[in-house]
Amino acid sequence: AVVSTQSTGGLVGAAMESAYPLMQLACKCNPELFSTAVSCAKNYDGALIEGKEDWKGYRKVMKKIKFDSMIKFASAMFGAYCGDKEGACLGSFQNLAEEFAAMMDRSCSGETEDQCNNFRRLSDGIYEFIAFLSDEEGQEELTLKNIVKMFYVKVPKNFWCGDSNCAAGYLSKNFNNNCCFRNAVEKFDAGMVGEFEKYLRSFLKAVSGGEIKIPAFGKAVRTKISQSVNPNAACKSKYYEAAQKC
């Protein structure tokens, strides 16, 4: 199926269909799947590391990484992806992924009458965001907070909230009224983004010997990242009337 498909949507669908049995097994093992993987990484004693000094360096790096935050983030989000131990949401997320890919296919196929089922309506916002990044006179404004804010306003918020008809129609039908999707994005709140941030900052600092230090996200950045995938957090009023009960 992967070889014969002629669209991004078909390719994504075929790939996820092939991975479905493995994902179903993994769902049964959550959250132990991640804690076991971390334990193996911390206590690795294989032949890839040679010499006493290399071992000391490896142990030192492992101790500096905040794996607890990684486990908390990964197990929560993978749990939302699964839905339950039996993988009740796997098929739902496969449909979502195929639809996202189909939106990309429609975006590349030329003008369409329906502006809701593709990404073409985001083009102006994307160009404006690129212009913001490349403006030499505004380089002092390129803080993490300002970059994330500008990207959020020009792309994700524009996608979810830019057209009220799209929000109440196509986006509600295909995304917000999908209970698996809604549950997952609600779990991906600012606090969960913070857990990922703790892990990412500690990982980069540890593996680089302290040379790579990313700035702290801050509450505003974590909130914008969370809102980027959650239509109800971005503009609840535009989805309220069309929202079905989960």
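This is a predicted model: local features need pLDDT of at least 70, side-chain atom pairs count only at pLDDT 80 or more; totals for chains, interfaces and linings use all residues.
The peptide bond that joins Asn30 to Pro31 is cis, with omega at about 10 degrees. For context, most peptide bonds are trans.

Stepping back to the whole chain, the secondary structure amounts to 13 helices and 0 strands. Read from the N terminus, the order of elements is accordingly α-α-α-α-α-α-α-α-α-α-α-α-α. The C-alpha trace spans about 65 × 50 × 40 Å along its principal axes.

Of the 8 salt bridges that the structure holds, one pairs Glu86 with Lys28, and their closest N and O atoms are 3.0 Å apart. This pair links distant parts of the chain, 58 residues apart: Lys28 belongs to helix H1, while Glu86 lies in the loop between H4 and helix H5 (90–108).

Helix packing comes next. Two packed helices are described by the angle between their axes and the distance between the axes. Helix H4 (residues 67–82) packs with helix H10 (residues 179–187) at an angle of about 170 degrees, and 8 Å separates their axes. Because angles over 145 degrees count as roughly antiparallel, H4 is roughly antiparallel to H10. On the H4 side the contact is made by Ala76, Met77 and Ala80, and on the H10 side by Asn183, Ala184 and Lys187. By class, the residues of this contact between H4 and H10 comprise 4 nonpolar, 1 polar and 1 charged.

A second pair can be described in the same terms. Helix H11 (residues 190–207) and helix H12 (residues 218–227) pack at about 110 degrees, with their axes 8 Å apart. The two helices, H11 and H12, are therefore roughly perpendicular to each other. Ala190, Val193, Gly194 and Glu197 are the H11 residues that meet Gly218, Arg222, Thr223, Ile225 and Ser226 of H12. The contact of H11 with H12 divides into 3 nonpolar, 4 polar and 2 charged residues.

Helix H10 returns in the description of the largest pocket, where H10 and helix H8 (156–161) each supply at least two residues of the lining. The volume of this largest pocket is about 230 Å³. Its lining consists of 15 residues, and those that lie nearest the centre of the pocket are Phe100, Phe159, Trp160, Ser228 and Val229. Sorted by class, the lining of the largest pocket contains 14 nonpolar residues, 1 polar residue and no charged residues.

Notes:
Residues are numbered from 1 along each chain as its sequence is written. Side-chain values use heavy atoms; hydrogens and water are left out. Axes are lines fitted to C-alpha atoms, for helices over the stretch in contact, and angles run from 0 to 180 degrees between N-to-C directions. Helices (H or I, at least four residues) and strands (E, at least two) are DSSP runs, numbered from the N terminus. Angles under 35 degrees count as roughly parallel, over 145 as roughly antiparallel, 65 to 115 as roughly perpendicular and the rest as oblique. Contact means heavy atoms within 4.5 Å. Ala, Val, Leu, Ile, Met, Phe, Trp, Tyr, Cys and Pro count as nonpolar, Asp, Glu, Lys and Arg as charged, and the others, Gly among them, as polar. On a 1 Å grid over the protein atoms alone, a cavity is a set of points where a 1.4 Å probe fits but cannot get out, and a pocket is an open set with protein on both sides within 12 Å along at least five of seven lines; lining residues have an atom within 4 Å of a point. Grid points are joined across faces, edges and corners, and a volume is the space filled by probe spheres set on the points. A salt bridge is a side-chain nitrogen of Lys or Arg within 4 Å of a carboxyl oxygen of Asp or Glu.
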